[in-house]
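Welcome! Take a moment to look over the sequence and the 3D view below, and then we can walk through some of the features together.

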Amino acid sequence: MSGNGTGIGASVKRKEDARFLTGRGRYTDDINLPGQLYGYILRSGMAHAKIGAVHTDAAKAAPGVHAVFTGKDMEGVGGIPTGWLIHSKDGSPMVEPAHPALATDKVRYVGDCVAIVVAETAEQARSAANLIDVEREELPAVASIEAAEADGAALVHDEAPGNVCYDWEVGDRAATDAAFDAADHVVSIDVVNNRLIPNAIEPRAAIANFDPATGEYTLYTTSQNPHLVRLLLGAFVLGLPEHKLRIVAPDVGGGFGSKIPHYAEEAILTWTAGQLGRPVKWTCERLDAFKSDTHGRDHISTAKLALDADGHFLGLHVTTRANLGAYLSTFATCVPTYLYGILFAGPYTTPAVYCEVKSFFTNTVPVDALRGAGRPEATYLLERLVDKAAVELGMDRVEIRRKNFIREFPYQTPVALQYDQGDYDATLDLALEAADWAGFEARRAEAAARGKHRGIGISTFLEACGIAPSAVVGSLGARAGLYESGSVRVHPTGSVSVFTGTHSHGQGHETTFAQIVSDMLGVDFDAVDVVHGDSAKIPFGMGTYGSRSLAVGGTAIYLAVEKVIEKGRKIAAHLLEASAEDIEFENGSFTVAGTDRSKTLGEVALTAYVPHNYPEGLEPGLEETAFYDPLNFTFPAGTHIAEVEVDPETGEVELVAVTGADDVGRIINPMIVDGQLHGGLAHGIGQALLEECVYQDDGQLETGSYMNYTMPRAADLPFFNINHNTTLCTHNPLGAKGVGEVGSIGVPPAVINAVIDALRPLGVSDMSMPATSQRVWQAIQRAKG
Amino acid sequence: MNDFTYHAPTSLDDALAALRGAEGGTLIAGGQSLLPIMKLNLAAPTDVVSLAGVAGLDGISDDGDSVTVGAMCTHAQVAGSAAVQGRIPALAAMADGIGDAQVRNAGTIGGSLAHNDPAADYPAACVALGATIVTDRREIASDDYFQGMFMTALEDDEIITAVRFPVPARAAYAKFANPASKYAVAGVMVADGPAGVRVAVTGASGDGVFRMAGMEAALGGSFSAEAVAGIGVSSDGMLSDTAAGAEYRAHLVAVMAKRAVEACG
Ligand SMILES: Cc1cc2nc3c(=O)[nH]c(=O)nc-3n(C[C@H](O)[C@H](O)[C@H](O)COP(=O)(O)OP(=O)(O)OC[C@H]3O[C@@H](n4cnc5c(N)ncnc54)[C@H](O)[C@@H]3O)c2cc1C
């Protein structure tokens, strides 16, 4: 790795920004096909109702309308599948109710798809949808976990008694109980992890086409993982073979997890295009996005930590109830289990950990992965609890963490994971220094003189990225593998196309991957282009989520490049009349060791495609593919410190400083990495201070627009003080870990711990997310008594 | 959004004629309130009559005792006006705190007053400063103009042409904004002007802008933050939503009033 001006480690400006910043990006909604029609999805306005006849005659007769389809028309088409089978404590499989793409007998959330109207224009389709008359009988709705588990609660699905999907556990319960029996101190906490609405800047969209001449379907869709959509839509819903179903996800404008799932609309559009023999386009409106994009988080937990007299953690017991929404979205079931419960060792040596999770159906939008997916929920609980333990034991908040850090690797946790490498002291020290933790009391006093309560909070977190390996996740219930493919095609004159099964929805893969390949092959950065997002071009792929793209997808590319070099070595050896073992490859040239005789990659590539003088038995061409199945997760970790000032009169919280010291593994492009950290921090701060999805008891979405759902804005954020201390992942050749979710995982507890620290002198000891001004003011009033 | 006929008159008379000739016509100024409700199908006018090209609705003039703002002046123009900044800085600052830059560059004072959103800022400024709403046919005192949430004294076909603000001795506006929408959760304008000391509140009540007689009396006695600090605000009739329940809102009104008095200097 030569690390030249555009190589690994350089802050190269992003290739893709030339088109994004000049309005030349090509998003799904930018695609128009000849003869296309527009679909409008009629959604349920009731959270729970039996539906009888759906009268569509008036809509069908409306101007411009070509067709109206309802659940009845789609009967016989498969339901929307889910990707992960969870087993309950007693070994029974989870309850997995059918999820018809268009509702048949019942609607189960406000936003549930009821019918599609297809017309010449989007406006005509939308107006005609107003003419559809749905016979409905409203049923009582369960809009929260508490409502779902109440005695006599209405059932979202008749086959799920008590609205329970599964009751899962991880860890050794007996060992954990024993740890509590032996404890000197037990500290407990109740936390709610607030429900969030993802709000990608690009709304979902899709355009489907069917070619009767070839029998081939093409679906352009806003997806983080087009191959996964092909697998689920093709194999499970429509019963189409892979070679007749092409999925293209062009430029994708943000996803945060909400564009992982295979959605009903994708199935409805594709099926409708087949029925009509014309392309059908649909673009979700923002208000519909609020009630149809998968939501995130939504946990209620109670936990206790057992400690010895010195503050060593002995055991942790976590009981969580999770809201899955009305139907099981693609990764819904694994988020509160295998992406959550197994995180509870955190960076600490707690010898006994037990976590149980009961997940519920409710009459709300399906819940799925959202930036961090399970890991923010776990980290928030753990770091709040550790802070509380310090306060209750009268210990320093930093020292209690340091006292319990893991320092020997590899480290086997009591909840399945094995950490390969890390240095939690280093990131802690770096953050304390950068945040001037030691000087805080002076800042607190200075703020007090201005009538403000200043507080500081810390979170020392660990997360797990690049969920793997396939055999293990398969044994835990995953219905897909979690490897990645990468192909590297060296063209005859030495330029390179790289094909990856990951996909970018803003992360800058076209730049990062090009840096790796250009660095390894010694070709110009500009001579390398990255291709992704099209099932017709990419061998296979699992897409982008869980911060997996560099660690898993980047490694596949790395391995493919190595294969290219290996083949090139043979060709060069032939041309140079040397043995392949004597050929060294460096800076784009194959050289006979100890001589100045060499061939450039370009010369070797040309020879590979014009094989006049060529090694016997070697295939022409210079293109290699690698599939990489990781041996383990990767484990980014770090310390986040937040500083706030509270106005005690209004309860307003001003976030005045955020410091991060992160270990995200090898950094390919520092600018992109910092951008990812900034975005994740903004997301985490949004959760901690601003964002809250609220449902009314009847299942109406109260926070259904930007009028009352608060997204973080630039003015809500301080300048971020980002620092790095890198340890390399030991089981992938890049040493990469992952960075996309670090901010949203690490920072929320730091912010809330800071708010509590600020308010502690007023007698406040607890605070829920988001710490809105009203919530803070109310806590102050309660403390006043 | 339904189809409608668009009119672009250049005179008040033509605008009035277009409005009267339509089955369900409406005026449009900056569109910042009208278009969102049309998109939601909460309004479906047959005809939309733009005031953008109508002569005589723009401009801000300093008339000595008062400042007159044309109905089509945007919030950004009011905020940036030397006359407003010089004579009634509280009004300029208020306009500068409306929504976001896009809203301020499109939304107008006339549109805001005609719409009379209970969380809009201008109603508090008009009532506290004792402004006069000038229309195509008459002048309406602020005290008579605002008639509850989204209700005004305007007739169906009446067009606001300007707003005349008497210059106060001192005035200030304190706003607690909704974190999501940036509309007022509690906005209090305090003014000591020709009409006496006035305290007008927006954002907090379901009935729209209202005055606080108790605070006005206290400030009349002694114009100081201490004078209003002890005056509690009842939560009766206060709005309640996700950002602020009635009790918290009432509290915020008291805090904003105190801060506005402090800011008067
Ligand atoms: C995101 C957002 C945030 C906002 N935040 C705030 C805020 O913080 N504070 C605040 O006060 N406002 C806020 N607003 C509203 C904004 O100030 C609008 O500009 C204002 O409410 C309406 O002005 P307009 O010129 O856009 O009117 P339009 O939307 O064009 O019209 C509104 C109504 O007034 C009528 N009308 C317009 N002009 C006249 C006239 N001259 N005579 C008679 N009738 C007329 C129209 O027929 C229509 O019924 C916000 C708006 C948005 C979209």
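Predicted model: local features only at pLDDT ≥ 70, side-chain atom pairs only at ≥ 80, totals over all residues.

## Around the ligand

An N or O atom in the side chain of B:Ser33 is 2.7 Å from a ligand oxygen, and a backbone N or O atom of B:Ser112 sits 3.4 Å from an oxygen atom of the ligand.

There are 31 residues around the ligand. Those that come nearest are B:Leu27, B:Gly31, B:Gln32, B:Leu34 and B:Thr108.

## A five-stranded sheet in chain B

Staying with chain B, you can find an open sheet of 5 strands, in the order β4-β5-β8-β6-β7, with antiparallel pairing. At its edges are β4 (60-62) and β7 (139-141) of chain B, each of which pairs on one side only. From one strand to the next, the twist averages 20 degrees.

Helix α8 of chain B, residues 122-129, packs on this sheet and touches β6 and β8 (160-166) of chain B. The direction of the helix makes about 50 degrees with that of β8(B). Strand β6 of chain B, residues 132-135, runs antiparallel to β7(B), and 3 bridges join the two. One pair to look for is B:Val134 in β6(B), whose bridge partner in β7(B) is B:Glu139.

## A three-stranded sheet in chain A

Chain A has an open sheet of 3 strands in the order β22-β23-β24, again with antiparallel pairing. Its edges are β22 (583-586) and β24 (598-600) of chain A; each has a single partner strand, so one side of each has no neighbour in the sheet. Direction ignored, neighbouring strands here are turned by 20 degrees against each other on average.

Strand β23 of chain A, residues 589-592, is joined to β24(A) by 3 bridges, and the two run antiparallel. Across this pairing, A:Ser589 stands opposite A:Thr600 in β24(A). Helix α15 of chain A, residues 549-575, packs on the sheet and touches β22, β23 and β24 of chain A. The angle between its direction and that of β22(A) is about 125 degrees.

## A covered strand and its partners

Next, look at strand β13 of chain A, residues 299-307, which is mostly covered: 7 of its 9 residues are buried. It is joined by 9 bridges to strand β8 of chain A, residues 185-193, and these two run antiparallel. Here A:Asp190 has A:Thr302 in β13(A) as its bridge partner.

Another 9 bridges join β13(A) to the antiparallel strand β14 of chain A, residues 313-325. In this pairing, A:His299 stands opposite A:Ala322 in β14(A). The hairpin of β13(A) and β14(A) has 5 residues between the strands, and A:Gly311 takes a positive phi near 95 degrees there.

## An enclosed helix

Finally, how far apart are the end C-alpha atoms of helix α17 of chain A, residues 670-690? They are 29 Å apart, which agrees with the 30 Å that its 21 residues should span at 1.5 Å a residue.

Of those 21 residues, 15 are buried, so α17(A) is largely enclosed by the rest of the structure.

Note on methods: Residues numbered from 1 in each chain as written. Chains lettered and ligands numbered in written order. Heavy atoms only, no water. Pairing = 2+ DSSP bridges. Helix = DSSP H or I, 4+ residues; strand = E, 2+ residues; numbered from the N terminus. Axes fitted to C-alpha atoms, helices over the stretch in contact; angles between N-to-C directions. Contact = heavy atoms within 4.5 Å. Expected span 1.5 Å × (residues − 1). Buried < 20%, exposed > 50% of the residue type's maximum accessible area, 1.4 Å probe, protein only. Near = heavy atom within 4 Å. Polar contact = N/O pair within 3.5 Å; in protein donor to acceptor, adjacent residues only side chain to side chain.
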